[in-house]
Amino acid sequence: MPTILGQNQYGKAENRVVKIVRDGDTHHIKDLNVSVALSGAMEEVHYSGSNASVLPTDTTKNTVYAFAKEYGIESAEQFGIHLARHFVTSQDPIHRARIRIEEYAWERIAAPDADSSDAGGDSSDAGAGSTGGRGRTKHSFVRKGQETRVSQITFDGSTWEIVSGLKDLTVLNSTDSEFWGYVKDKYTTLREAYDRILATDVSARWRYNWTEDAEPMPDWEHSYDRARTHLLQAFAGTYSLSLQQTLYQMGSRIIEARDEIDEIRFSLPNNHHFLVDLEPFGLENETPDGAVYFAADRPYGLIEATVLRDGVEPRIPLDMTNL
């Protein structure tokens, strides 16, 4: 045979599942986008077209929805673990399962309290930012306009690899950032900055050191919340001389604070903000009371790096486009 089969996998991508839990008249929502990829002894389906070892992709889709009902969705990671374990242990030809999950967060809509006298009425007398007679509804939600939480769960029958993180978390420091002392050549036109806006859309993936069922499993929800908090606090608390420096501080803070995380990789676009030239209009732009900037969406600097616990080998792919 002049050719042989290389790496292969199959499954059902982007199964949108929304789970509503009704705790009396208080409801809770989990909104996931789940992609399943299976691999193993699949040579014959490629060579001869025999489907004898193939679990239909439609079945994998049905399993996602059935498991959401049967097991619930405690966290994206735990849900992915249930799925991966099921596919590998229930089907002999399947040797490895990879589950990728995006989670879309929702928050409750602030509305007049049901027992309040102004319920359903005009609450315009409440002060700006005040909740004056307002609470949070028990069953109405608004999609959060912040980051998307992501997880990848891989299981080969004995060993787990859990990579979690987030993307599209937009952050900005309006001061405490500089950029100067860089290499200059005849093509350099950028002026040194001693007080600039630092903004980026954080894409981060961190790898847990939990790999075996015999080990205590992390609290996935708490771990994600704390990692996100440390990331934001490091961004806000670092007086930055470069985005690279800020990236390293973000990664170091997470690893130092979270024993269950060994590796984290960032991809950070440098969202440039340039002072607008207002001199043609007789206006001085940069003054003590503020300034006007042009926010450029492209081209942008792209800063990427991995931060590791000392002695740990990196495993997160350098290109996180499809992770």
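In the predicted model, Phe155, Trp160, Tyr208, Trp210 and Trp220 come together as one aromatic cluster. The structure holds 8 aromatic pairs in total. A pair of aromatic rings is described by the distance of the centres and the angle of the planes. For Phe155 and Trp160, two members of the cluster, the ring centres lie 3.9 Å apart and the planes meet at 15°; the pair is therefore classed as stacked, since an angle under 30 degrees is required for that label. Both residues are shielded from the surface by the accessibility criterion, under which buried means under 20% relative accessible area. Phe155 is buried because its relative accessibility is 2%, and Trp160 is likewise buried, with a value of 1%.

A further stacked pair is formed by Trp180 and Tyr194, with a centre-to-centre distance of 5.7 Å and an angle of 25° between the planes. Both Trp180 and Tyr194 are located in the loop between strand 7 (160–173) and strand 8 (198–208), and they stand 14 residues apart in the chain. In contrast to the buried Phe155 and Trp160, Trp180 is partly exposed, at 43% relative accessible area. Tyr194 is also partly exposed, with a relative accessible area of 48%.

Methods. Residues numbered from 1 in each chain as written. Predicted model: local features only at pLDDT ≥ 70, side-chain atom pairs only at ≥ 80, totals over all residues. Heavy atoms only, no water. Phe/Tyr/Trp six-rings, centres within 6.5 Å; stacked < 30°, edge-to-face > 60°. Buried < 20%, exposed > 50% of the residue type's maximum accessible area, 1.4 Å probe, protein only. Helix = DSSP H or I, 4+ residues; strand = E, 2+ residues; numbered from the N terminus.
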